[in-house]
Amino acid sequence: MIGELLALGGATLVLLAAVGVVRLDHALARMHALSKASTLGVLLILVGAAVNISDANDLTSILLAALLHLLTSPPASNLLSRATYIAYGMPAATGIIDEGAEPLHLASQRNDDSPRE
Amino acid sequence: MTEATFAILIAATALFTYRLCVGPSLADRSIALNGLLLVGMGGIATHAAHTGQGAFLPTLVAIALVGPIGSGMIAHFIEGRGK
C-alpha cells in the first residue's frame, strides 16, 4: 500500500516534468523541468518498489539502480545543457546576463564567424 | 492505485512523444528521449512495487547505466556540429 502510494507520487512528478517539457519555450528551460522533477520522481518510484520487495537480491538491484541514476543523470544533463548553450545560445529575453560567453569564447566566434574546433 | 500510476505514466509518455515529434531542435528531441527512458524506468519499478517480484529489476540497472551515455553522446554531437 505504502509502496504503491510512493509510486503514484513519483509518477505524478514524472507527469509534471512531461508537462514542463511540453509547455516551456526553450531547450534549457525544458531541461530544467526534466532533470529536477524526474530525478526525484524516479527515485520515489524506486523507493516505493523497495518498500514492497523483501528479497535481498532485488533490494540490492534497486539500490544500485538508484545510485547509478543519481550519479549519471546530472552529468548527462550538464553535458546536454552545455552543448545546447554553445550551439544555440541563451534565449533572447530581457534581464539575462550571459556569463558564459567570455570564458567559452563565444562572443568572438559569433562576431567573426570562424569555424568551430 | 497501480492502474492510476500507469495511467499517469501513459499521459507522460504522450507528452514526451509530442515533444519528440515536434521539438524544433535536436536538444529538445534528446530531452524527450531522456524523459521516455525515465517513464520506462518508472513503469518497471511500478510493476515491481505492484507484484512484489523483482524479475525485471536488473533492467533498471542497465537503463540507468546506458541512458545518460546516449544523452552525453548526443550532446557531444551537438557541440561538435555547432548547431
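Trainee: What does B:Glu79 touch, once residues up to four places away in sequence are not counted?

Mentor: In this predicted model, B:Glu79 touches A:Ala83, A:Ile86 and A:Ala87, and a contact here requires C-beta atoms within 7 Å. B:Glu79 itself is found in helix 3 of chain B, residues 57-81.

Trainee: Why is B:Glu79 called partly exposed?

Mentor: The buried class needs 20 or more other C-beta atoms within 10 Å and the exposed class 12 or fewer; B:Glu79 has 18, so it falls in between and is called partly exposed. For the chain as a whole, 42% of the 83 residues of chain B count as buried.

Trainee: How many residues are in contact between chain A and chain B, and what makes up the side that chain A contributes?

Mentor: There are 47 residues of chain A in contact with 46 residues of chain B. On the side of chain A, the elements giving two or more residues are helix 1 (2-23), helix 2 (27-52) and helix 3 (56-88) of chain A, and helix 3 of chain A gives the most, with 18 residues. By class, that side of chain A divides into 30 nonpolar, 12 polar and 5 charged residues.

Trainee: What makes chain B more spread out than a compact globule?

Mentor: Chain B has 3 helices and 0 strands, in the order α-α-α along the sequence. Its radius of gyration is 15 Å, whereas the globule rule gives 12 Å for 83 residues, and because the value is well over that figure, chain B is described as more spread out than a compact globule. The C-alpha trace of chain B spans about 45 × 25 × 10 Å along its principal axes.

Trainee: Why are helix 2 and helix 3 of chain B called roughly antiparallel?

Mentor: Two packed helices are described by the angle between their axes and the distance between the axes. The axes of helix 2 (residues 26-51) and helix 3 of chain B come within 10 Å and cross at roughly 175°; angles over 145 degrees count as roughly antiparallel, and the pair is therefore given that name. Among the residues that meet are B:Leu37, B:Met41 and B:Ile44 in helix 2 of chain B, and B:Leu60, B:Ile63 and B:Ile74 in helix 3 of chain B. The contact of these two helices has 12 nonpolar, 6 polar and no charged residues.

Trainee: What angle do helix 2 and helix 3 of chain A make, and what are they called as a result?

Mentor: Their axes come within 10 Å and cross at roughly 180°, and since this is also over the 145 degree limit, helix 2 of chain A is roughly antiparallel to helix 3 of chain A. The residues of that contact divide into 16 nonpolar, 7 polar and no charged.

Trainee: How do you know where the predictor is confident, and where is its confidence lowest in chain A?

Mentor: The pLDDT gives its confidence in each residue, from 0 to 100. Chain A averages 81, with 78% of the residues scoring at least 70; confidence in chain A is lowest in helix 4 (residues 106-112), at a mean of 49, and highest in helix 1, at 91. Over residues 108-117 of chain A the pLDDT is below 50. Chain B averages 88, with 98% of the residues scoring at least 70, and the model scores ipTM 0.88 and pTM 0.82.

Methods
Residues are numbered from 1 along each chain as its sequence is written. Chains are lettered from A and ligands numbered from 1 in the order in which they are written. This is a predicted model: local features need pLDDT of at least 70, side-chain atom pairs count only at pLDDT 80 or more; totals for chains, interfaces and linings use all residues. Helices (H or I, at least four residues) and strands (E, at least two) are DSSP runs, numbered from the N terminus. The radius of gyration is taken over C-alpha atoms; the globule rule is 2.2 Å times the number of residues to the power 0.38. Two residues are in contact if their C-beta atoms, placed from the backbone, lie within 7 Å. Ala, Val, Leu, Ile, Met, Phe, Trp, Tyr, Cys and Pro count as nonpolar, Asp, Glu, Lys and Arg as charged, and the others, Gly among them, as polar. Axes are lines fitted to C-alpha atoms, for helices over the stretch in contact, and angles run from 0 to 180 degrees between N-to-C directions. Angles under 35 degrees count as roughly parallel, over 145 as roughly antiparallel, 65 to 115 as roughly perpendicular and the rest as oblique.
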